[in-house]
Amino acid sequence: MKSEQAQPLEAVGLGELLRPVKSRLGAAIGLQAVAAVVAVVPFAAVAELARVLLVDGPVDKGAARTVAAVAGGALMLWLVLNTAAGAIAHAADLDFQLSVRRRLVDRLGRVPLGWFTDRGAGGIGKAVQHDVDTMHHLVAHSLLNLTASVVTPLATLVYLFVVDWRMALILMIPLVIGIGLFIKMMVSLDAQTAAYEQAQERIVSRVIEFVEGIAVVKMFGQGRRAHRQYAQAADDFTTFFIAWISKGYRATAASALILGPVTILLTVLVGGTALVSSGSLDPLDLLPFAILGLSVAAPLQALDFHGHDMEMAGAAAKRVGALLAAPELAVPDSPQRPETDGGVRVELSGVEFAYDTDRPVLSGIDLALEPGSVTALVGSSGSGKTTLAKLLPRFFDPTAGTVTIGGVDLCDIDPDQLYRLVSFVLQDVQLLDATVRDNIRLARPDADDEAVRRAARAAAIDQRIEELPGGYDSMVGKDVRFSGGEAQRISIARAILADTPIVVLDEATAHADPESEAQIQDALSELAVGRTVLVVAHRLASVVGVDRIVVLEQGRMVEQGTHEELLAAGGRYRRMWNLQEQAGAEQTDGHDAYAGAGIAKEEGR
């Protein structure tokens, strides 16, 4: 039964991401709210103690001790509650980060490999690392701080209204004005938050591009140009950031001034003096407002930072949620096992593919790869060679037509089973930050050391590895940095160890120097023996001995046959061959990357 095509899910929001820790986070917020109320008690106790100590007549020492004890007890209780809330929030945060990162890794491990093609490392890396860290600050700190910043002023105002409602209203004048300016500032910045995140992502991508490509751009004398592009991205970000901040800084400055201690204290003293002078207020009732008025304004000033944290966390959650909603590779409901006895036949029937509806890449592809044969795809850049080759390991699914292995549609084969049938060697090799041994046995983690060495010897890389101080235990990127040709041979050793019946080779010698190319070709010859091989080739001289050459032009098959047949036909292939001969691109050293498949080259090609 054929699986249904995977559809993108609705983006996951912050609430859904927090769901696994919502109960603990709620408990932490509840404890923090109680702690915020308790935090008001010591300050209120100071005011009440003043009433006891400043009364006419003998001082009630018992009452004074009681007030002092209440203040001390409240302070200790606040410390316990605040510590408990922080501990619970941090524990929830650790589980939250683990949950989100596991979900991201799980999701990204199930999306089609081709999904990564149009997505830069900057955006994905930012979501996995930076965005999760941004949400960490929200869970572990900002929610608790925001709770305290809201509850403490409210509890204080309740107490002050009980003391004297008129003074409480006077105190609220600067508070209302300051909060209004704060809201105005937040509204002006909210509209540009998404643009800020996009600008930040662009500069991260530029940094990665600049660092990863520095060797190439310097080689071709373009170092200054690449640096200018990076510098331009940095300047653009600076210009945007200044413009973004300038929209709200006036309101921010005015809000900070009005909610500042000098303004609050001046308001209390002016209003209180007027009421005391008129006989409407007991002078002792002014003391709580002078003491606690500042504790009302100070937390409100912090709302700016906590609100910004909430906004940044919400934007980060959207980006993480977008990754979690990426379409998965369609998995069959009832997986089928292809017939592999006697070799594996691959057939493409009526295959079409387009990245977008207006970007057709392949059309009308009908091609059969016979068991044990080597088929080469050739054509000009952009003709669809690599895209066609990537359909076999399901980097993409065709938009029309079918691709079958052993008579079974790829979509009806379990992905794990598929990658035991198909291995691929790409022109851009990625080695993991792991030991050389683990890099080679990536497809077969249970392979023993002897099997790993046999694969390395077959790929002509064993001697290089043995020369390393740590041998196969050397850490890639730390103990050793392989050249492009050496990394390619390690990739070939992976494919040899995987021992799949189908191999896809995408211009495996594209970036190799002549010496490395010869060694890679020898390794490829070993890899091709007895397997069904599909080769993407740029240099025609490297595939003259294959069973069949397929010429692609604008996503269509325009010619196919052996090297001799295509030369005799005098078509597109013949013109390509003549051009490469004139440019000196043909190989004259006798190497044929696929001769090991049992296909002899013509001596006088």
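What share of the contacts in the protein chain with a separation of 6 or more is accounted for by residues 24 or more positions apart? In this predicted model, the share is 78%, where contact means heavy atoms within 4.5 Å. Local features of the predicted model need pLDDT of at least 70, side-chain atom pairs count only at pLDDT 80 or more, and totals for chains, interfaces and linings use all residues. Residues are numbered from 1 along each chain as its sequence is written, and side-chain values use heavy atoms, with hydrogens and water left out.

The protein chain has 605 residues, of which 46% count as buried (under 20% relative accessible area, with exposed over 50% and partly exposed in between; 1.4 Å probe, protein chains only). Its accessible surface is about 29400 Å², and carbon and sulfur atoms contribute 58% of that area (Shrake-Rupley method, 1.4 Å probe). The chain contains 19 helices and 10 strands, which are DSSP runs numbered from the N terminus (helices H or I, at least four residues; strands E, at least two).

Helix 2 (residues 22-53) and helix 3 (residues 61-108) cross at roughly 160°, and their axes come within 8 Å. Axes are lines fitted to C-alpha atoms, for helices over the stretch in contact, and angles run from 0 to 180 degrees between N-to-C directions. The two helices are therefore roughly antiparallel to each other (over 145 degrees; under 35 is roughly parallel, 65 to 115 roughly perpendicular and the rest oblique). The crossing of helix 2 and helix 3 is left-handed (the near helix is turned anticlockwise from the far one by less than a right angle; clockwise gives right-handed). The contact of helix 2 with helix 3 comprises 28 nonpolar, 2 polar and 3 charged residues (nonpolar: Ala, Val, Leu, Ile, Met, Phe, Trp, Tyr, Cys and Pro; charged: Asp, Glu, Lys and Arg; polar: the others, Gly among them).

Helix 14 (residues 449-458) packs against helix 16 (residues 484-498) at an angle of about 125°, with the axes 8 Å apart. This pair is therefore oblique, and the crossing is right-handed. Ala451, Val452, Ala455, Ala456 and Ala458 of helix 14 meet Ala493, Ile496 and Leu497 of helix 16. By class, this contact has 8 nonpolar residues, with no polar and no charged ones.

Valine 429 is located in the loop between strand 6 (422-425) and helix 13 (436-440). Its relative accessibility is 22%, so valine 429 counts as partly exposed. Beyond its neighbours within four places in sequence, valine 429 is in contact with Ala487, Gln488 and Ser491. The C-alpha atoms of valine 429 and serine 491 are 6.8 Å apart, at a sequence separation of 62 residues.
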